[in-house]
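Q: I have a structure open on my screen and would like to go through it with you piece by piece. Can we start with a strand and work outwards from there?

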Amino acid sequence: MQKQLANGVKLYMTPTKKFKTITLTCDLLAEADFNNFAKRYILAELLETNNSKYKTQSALAKQLSKMYGASFGTNVIRYGNLHILRIILSFPNANYLPGKPNNVGEAIEFMMNVLLKPNIKNEAFDNKTFNIQKQNILKYLSSIGDDKQYYAALKSKELFFGDDLNRGKIIFGDLNQYNDLTSKETFEYYQNSIKNDNIIFSIIGDFDTSDVFNQFKNYRFSDRNDSLSLRPYKQLNSDIKKLTEIQAVNQGKLNLGYSVPINYNDSKVYAVIIFNAIFGGTPQSKLFKVVREKFSLAYYASSSFNAINGLISVQSGIKSNDKDKVIDLINKQLEEIKNGNFSVELLEHIQHELINARLNLLDSPRKMLEQQFINNLLGRKSTFEDWKEKILAVQREDIMNVAKLVNLKSIFFLEGKKLND
Amino acid sequence: MINKKYDNYNENIYYETLDNGLKVVLVPKKDFHKTYATLSTNYGSISNKFIPYGKTEPVELPAGIAHFLEHKMFDKKDYDAFDLFSKTGASSNAFTSFTKTSYLFSCVDSLKENINILLDFVQQPYFTKSKVEKEKGIIGQEISMYDDDPDAVMFFGTVSKMYPDFPLNVDIAGTVESIDNITAKDLYTAYDTFYQPGNMQLNIVGNMSVEDVMTWINNNQNHKSFNDYHEINNVIPTSQKIIVNSKQNMNVSRNKVAIGIKGTPSKQLDVKYEIGVSLLLELLFSESSNNYNKLYDEGIIDDTFGFTFEYEKYYNFGLLAGDTDDPDRFINEIKSILLNASSKLDNLESDFELIKKEELGQHISMMNSIEAIANNLGNKANNYTNLYDEISIINDMTLEYLKECAKKFINENNIVTNIITPKK
């Protein structure tokens, strides 16, 4: 059920008795602009830490405990050219709590305090909070390389997107963007976001829709431009970009970026979804069966497909001196699919598995909300049945044909070398 | 079949022990699409010395064998169990912990077929020399991956400092050297001993008819013959030592610190104590505690800070860890909070009530996830205490009891510290 609270501000309600919790999200949408990455991330952290109602982190945490351990957080997410700041709050259905408190109203109020009443002093975010969060972000960014798998994925993305910083750069921004960032500037950015960002509220669980809608109407939002939309990414014709970084680690991380000129709004996208599952997306895939099981070269070797960016990324952890062998082997698997070296049975199993995975989303309130959110972004009205039909309609030839459009564009390698201590 | 009803939460749990000793626990959830099943054996990395089935003398097998066995269960003579699940559109996986190995699948249809696949592949071992050798490369890369992961290094490193003379002193997966010694014969020895139905439990949660599922399971089991159940004889030493302060170097950019608290092992598991200590740690260190906020505001801890309590038959420990710029202060502050805990608890009456509310709510939230339910149905060792039972234990918890827990659990002589510093 969809309601409009103002132009560009919407409320989606999904009443269901299936879950024992109620989940409420607020998404602020803006065009991804690398120059704003640091501001948007620190804003998310500040909104999560405290606000004018709960002035300290401790007061806010205590309130969440009072709400029976409500789980609350903010984060920043990117879908192609869109940059989303998400606030999420999930709490138990009152029917299962002592005294059955009316906690939906309390939760909406909590969410609105987070969004609309930040901890502001003199036209700036509270300085103490700002400085602590800034320091924590700087520490986090400087230690991001400690998780090698994550680090390799970030570097690979950067390499693939090259000059398109808005899509390629780490979403938390660069360290140096924080140096001169002030609490005043961040407050200005906040005000601008509240005024101009598209806002989507979503709620799922067992609640009364008219009560919830009435409560939302108590908060005034100004009309704003509702013109934000996703833009597919078109990879330029270019040579393969290569980057190798050497570190004192045991395992080499090999991350490849392949482009495919097919996006979410293309009818061939279903063939690419299945191509990816056959290539490296499942334990039945070529990468799992060949790189891992047949040649024992890796513990993990898999691929994933991003339909907004037309990007198929491959990640694997290997012995450093196996690098060339593994790249050849991965490319060979692509050739195999182009040449139709996969069975109809495999195709059918994968179709079945993908359909089941889609149904499984409906068993989790968060995944259901996420799916709805994406569908709305994509302007897709398709139901599960439509989606299923399209997946089942994909033929072997369709997969071979899209495989022919898949091109290797980037190779990032984190090479492990034993350095002298 | 025993049926426990939890009317407050509209839940029903069914228990059955089959003739061959296999314990079956079923939780029907009719609104869900998915069904999730785990078949587990009480066999993990700490059981590497034991008296084999039918023998009288103990053997010691290479470290990492339980995990190795888990990998090899899927790989049959002319097929892979993964593929059988995939053919029905199900997905499958497995994991090994210090004390348990679990095989699992999740499906939305073909439940009967998947139950048969699960029981059959776990109950029909097939190990050969060449298959064992082939796996060493894959697990070798798994071990390398963990060796580069600071969180894993910190966790296993700190546990090994609490238990230097106990089989917790090696990672679950073993080492590249130890797994190199594993043979097909070793795998059979371990399998025959620990994979007896009487040492295993099948949990199924999700969309199902309990009667049908029981019939399918019985039919499957009645077609197989099993050896008589022999009691499991683990040879598990009593740990006497700790290594108090440790430091290591790694390719990281920030200091990482952990504090381990080694508990006294109890012969009989006591779920109340387990929950009591967990609540105690929540009360002292959760985000709503004054301690957390003081240390956070002073920059001693940050969002990476976290803690856990692991409570098993042969061991139990608490672990608190995080990144910090000042490892010495981190250690001193946390230790001082721990050591003064029992005397400070009296002032925390209102915090305690909040923590109880929080735990209650989180247990209710867990009921949304069929995986969480399946993983919290209890076992023989804890008398099948499940997450629904835990709620009433939490409700009855008192601050006075937490004080007892603090006195029993925290002891200056049982605390270790471990620091990972960046390589210069």
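Q: Which residues of strand 4 of chain B are buried on one side, and which on the other?
A: Bearing in mind that this is a predicted model, the residues on one side are Thr35(B), Ala37(B), Leu39(B) and Thr41(B), those on the other are Tyr36(B), Thr38(B) and Ser40(B), and all of them are buried, which leaves both faces of the strand covered.

Q: Why is strand 4 of chain B described as largely enclosed?
A: Seven of the seven residues of strand 4 (residues 35–41) of chain B are buried, so the rest of the structure largely encloses it.

Q: And which strands does strand 4 of chain B pair with?
A: Strand 4 of chain B is joined by seven bridges to strand 8 (residues 101–107) of chain B, running antiparallel, and by seven bridges to strand 9 (residues 200–206) of chain B, again antiparallel. To place these pairings in the view, Ser40(B) has Ser102(B) as its bridge partner in strand 8 of chain B, while Ala37(B) stands opposite Ile204(B) in strand 9 of chain B.

Q: Switching to helix 15 of chain B, which of its residues are buried?
A: In helix 15 (residues 387–395) of chain B the buried residues are Leu387(B), Tyr388(B), Glu390(B) and Ile394(B). Viewed down the helix axis they fall within an arc of 155°, so they line one face of helix 15 of chain B.

Q: What do those buried residues of helix 15 of chain B pack against, and what is on the face turned away?
A: They pack against strand 1 (2–6), strand 2 (11–17), helix 9 (271–285), helix 13 (349–366) and helix 14 (370–374) of chain B. The face of helix 15 of chain B turned away from the buried side carries Ser392(B) and Asn395(B), which are exposed.

Q: How many residues of chain B are in contact with chain A?
A: There are 52 residues of chain B in contact with 52 residues of chain A. Helix 2 (81–87), helix 4 (129–147), helix 10 (290–297) and helix 13 of chain B each supply at least two residues of the side of chain B that touches chain A, and helix 13 of chain B gives the most, with ten residues. By residue type, that side of chain B divides into 16 nonpolar, 18 polar and 18 charged.

Q: OK, over to chain A: what does its domain assignment give?
A: It gives domain 1 (2–217) and domain 2 (241–416) of chain A, with 30 Å separating their centres, taken over C-alpha atoms. The contact between them takes 23 residues from domain 1 of chain A and 22 residues from domain 2 of chain A.

Q: Which element gives the most to the domain 1 side of that contact in chain A?
A: Helix 5 of chain A does, with eight residues, and the residues on this side of domain 1 of chain A divide into ten nonpolar, nine polar and four charged.

Q: Last topic: what is the strand order in the five-strand open sheet of chain A?
A: The order is 9-13-10-12-11, with mixed pairing, and the edge strands are strand 9 (241–247) and strand 11 (298–306) of chain A, each pairing on one side only. Within chain A, strand 10 (residues 252–259) and strand 12 (residues 311–318) pair in the antiparallel sense over eight bridges, and Gly257(A) stands opposite Ser313(A) in strand 12 of chain A.

Q: Which helix packs on that sheet?
A: Helix 11 (residues 286–294) of chain A packs on the sheet, touching strand 11 and strand 12 of chain A, and its direction makes about 160° with that of strand 11 of chain A.

Definitions and conventions: Residues are numbered from 1 along each chain as its sequence is written. Chains are lettered from A and ligands numbered from 1 in the order in which they are written. This is a predicted model: local features need pLDDT of at least 70, side-chain atom pairs count only at pLDDT 80 or more; totals for chains, interfaces and linings use all residues. Domain bounds come from an automatic or database domain assignment. Two residues are in contact if their C-beta atoms, placed from the backbone, lie within 7 Å. Helices (H or I, at least four residues) and strands (E, at least two) are DSSP runs, numbered from the N terminus. Ala, Val, Leu, Ile, Met, Phe, Trp, Tyr, Cys and Pro count as nonpolar, Asp, Glu, Lys and Arg as charged, and the others, Gly among them, as polar. A residue is buried if 20 or more other C-beta atoms lie within 10 Å of its own, exposed if 12 or fewer, and partly exposed in between; C-beta atoms are placed from the backbone. The arc is that of the directions from the helix axis to the C-beta atoms. Two strands pair if DSSP finds at least two bridges between them. Axes are lines fitted to C-alpha atoms, for helices over the stretch in contact, and angles run from 0 to 180 degrees between N-to-C directions.
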